[in-house]
Amino acid sequence: MNDDEMLFDDEDFLVDDDAPAAASESGSRPGTGGAALPAAAALPGDAWVVLVVDDEPEVHAVTAMVLSDVRFKGRSVRLLSAHSAREAREILAARRDIAVVLLDVVMETDDAGLQLVRHIRGDLGNRAVRIILRTGQPGQAPERDVILAYDINDYKAKTELTSQKLFTTLVAALRSYEDILALEMSRQGLRKIIDASSSLLQARSMTLFASGVLTQLSAVLGTPVSGIVCAQRGRPGSRGEAAEEVFILAGAGVYEGVADRPLAEHADDPVVAAIAEALAAKAHVYRDDHMVLYINTPNGREVVAYLQTGRTLTALDEQLVEVFCGKVSVGFDNLYLYEQLRRAHQATVVALADLAEHKDTDTGEHVLRVERMTEAVARRLRSDGIYTDQIDDLFIEQVGMASILHDVGKVSVPDAILQKPGKLTPEEWLVMREHAAAGGTILKRAARLVDGSSYLSLGADIASGHHERWDGGGYPLGLKGQEIPLAARIVAVVDVFDALTSARPYKDPWPRDLAIEYLRDQSGKQFDPQVVETFLTVLDAVGQGG
């Protein structure tokens, strides 16, 4: 009797040379030209995949018989067979779901099994799979030396492996493998949460943040994006409106594009009921195919996120949700405070613009048109790849609102000049020109109270620079070309076109075509040529005119 025939030398199991091997699957056999098995992902409920690597067919048959009815954590064992180290390499390269390798030492060479161990751990970088070395020639690979020199998890002589011991050894290996996978999934989940936190912190609006929460939560749980985020009571950004009604903050998947709308108008009844349940219980709700994440912020604001998971979440999933919830709860408060601060800045800008309008009653609709077209031109410049080093998200967010301050310096101009119906004298014109410098000074002084870019700092650039000329012949500083702030160059084009095509006490409106002709003629002289071309493209798209 050779060593392989003594694989299970107890009275509970007898080796049968005709033992069926139906429970196992063969990989590509040497010389057959077959392909390795395709990669597959291990999911809860799938069978545990065990690879038997041995050059003796009897070992495969006996192992299959002993493990045919084994179940661990409700999952059966599925065997793959490799009859050489080379064949095992092909299978291992193609699959990442193998939990345990039952590995012979001596096969095509005396140390083929040991070299395979190094290949698994080193070349493949697979630290999770449990490797149980089985040898019929212990003297060929002494246990002490092998355990120290090779990253294996157990060492068994074939003569000592009874059916019971094989069962015990395998279950211990599977338990270890499961623990390693749980740790790795936890590590990856936490890394995704950290990455998500960094990504979400860049969002500057509640809608973008809420949408990001859904996307990142889906990534953490490995589920398709399909869900909604909603505030508990009242329309986002309002006070006291529809206090008991739930409004959508942001949507993703099937609910995308319905932000700031009542939940009941856009969600199915089961979704509304699930969200109501979470809000009433003030707790997360986990079901077989969905979850509702309840987020209570430090300042007492309540937000819920509904997510269609398509599966029952594991205990680890729920733990990751708890960690994620703690991370994003502060973010909702921070975004709320940011939006309140932004509204305060906008209120300051509107107040200053109202002050200028009080002095010059012709500017009311004018500044609104300038605001709309300035933002549109800035967006188009960026989308066309022009001045992208200067036009970022913050610039886009601020430039339209800041543009309404372009004539705030007119508060310093006497009413007799500002409201004169006829042509100004040269002396009066010199006084009128001072409004650009005055506006810049007023806004720069106010902007010093706020760190970084703000509506006021951008407005200062616009107020002081929108009468500069591309060729250097403008005022108040005679700046030339790109010395003039980009925001001012954009507003210069928009402001002149709207002024030309609008009626004023001292003139009739110009025809649209004549105003366009003027812009083209002054391109490269008074105006930035690229801004002129982009403005005309936007003008054509929106049908803006006098």
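Me: Helices (H or I, at least four residues) and strands (E, at least two) are DSSP runs, numbered from the N terminus. How many helices and strands does the chain have?

Reply: This is a predicted model, in which local features need pLDDT of at least 70, side-chain atom pairs count only at pLDDT 80 or more, and totals for chains, interfaces and linings use all residues. Residues are numbered from 1 along each chain as its sequence is written, and side-chain values use heavy atoms, with hydrogens and water left out. The chain has 17 helices and 12 strands.

Me: What percentage of the 546 residues in the chain is buried?

Reply: Buried means under 20% relative accessible area, exposed over 50%, and partly exposed in between (1.4 Å probe, protein chains only). By this criterion, the buried part of the 546 residues is 47%.

Me: Which residue with a positive phi follows α16?

Reply: Helix α16 covers residues 512-522. After α16 the backbone takes a positive phi, near 85 degrees, at G524.

Me: Which elements do the buried residues of α16 pack against?

Reply: The buried positions of this helix are A515, I516, L519 and Q522. They share one side of α16, because the arc they cover around the axis (taken from the directions from the helix axis to the C-beta atoms) is only 135 degrees. The other side carries the exposed residues D513 and E517. Through contacts (heavy atoms within 4.5 Å), the buried residues of α16 pack against α15 (486-500) and α17 (529-542).

Me: How many residues apart in sequence are the parts tied together by W48 and Y177?

Reply: The two rings are edge-to-face, 6.5 Å centre to centre with 80 degrees between the planes, and both residues are buried. Ring pairs also link W48 and Y177 with F72 into a cluster. Since W48 lies in strand β2 (residues 48-53) and Y177 in helix α5 (residues 163-201), the separation of the parts they tie together is 129 residues.

Me: Which residue has its charged end over the ring of W48?

Reply: A charge sits over a ring if NZ of Lys or CZ of Arg is within 6 Å of the ring centre and within 35 degrees of the ring normal. R489 is placed in this way over Y387, at 5.0 Å from the ring centre. Over W48, at 3.7 Å from the centre of its ring, sits R75.

Me: Which residue caps the N-terminal end of α11?

Reply: This helix is largely enclosed by the rest of the structure, because 9 of its 11 residues are buried. Among them are L394, F395 and S403. A side-chain oxygen 3.3 Å from the backbone nitrogen of L394 provides the cap, and it belongs to D392.

Me: Which side chain forms a polar contact with that of H290?

Reply: H290 is placed in strand β11 (residues 290-296) and counts as buried at 15% relative accessibility. A polar contact is a pair of N or O atoms within 3.5 Å; within protein, one must be able to donate a hydrogen and the other to accept it, and residues adjacent in sequence count only if both atoms are side-chain atoms. At 2.9 Å, the partner side chain is that of D289.

Me: What distance separates the C-alpha atoms of Y475 and E434?

Reply: Y475 belongs to the loop between α14 and α15 and is buried, with a relative accessible area of 10%. Its contacts beyond four places in sequence include W429, R433 and H435. Although Y475 and E434 are 41 residues apart along the chain, their C-alpha atoms are separated by 8.9 Å.

Methods:
Rings of Phe, Tyr and Trp (its six-membered ring) pair if their centres lie within 6.5 Å; planes under 30 degrees apart count as stacked, over 60 as edge-to-face and the rest as tilted.
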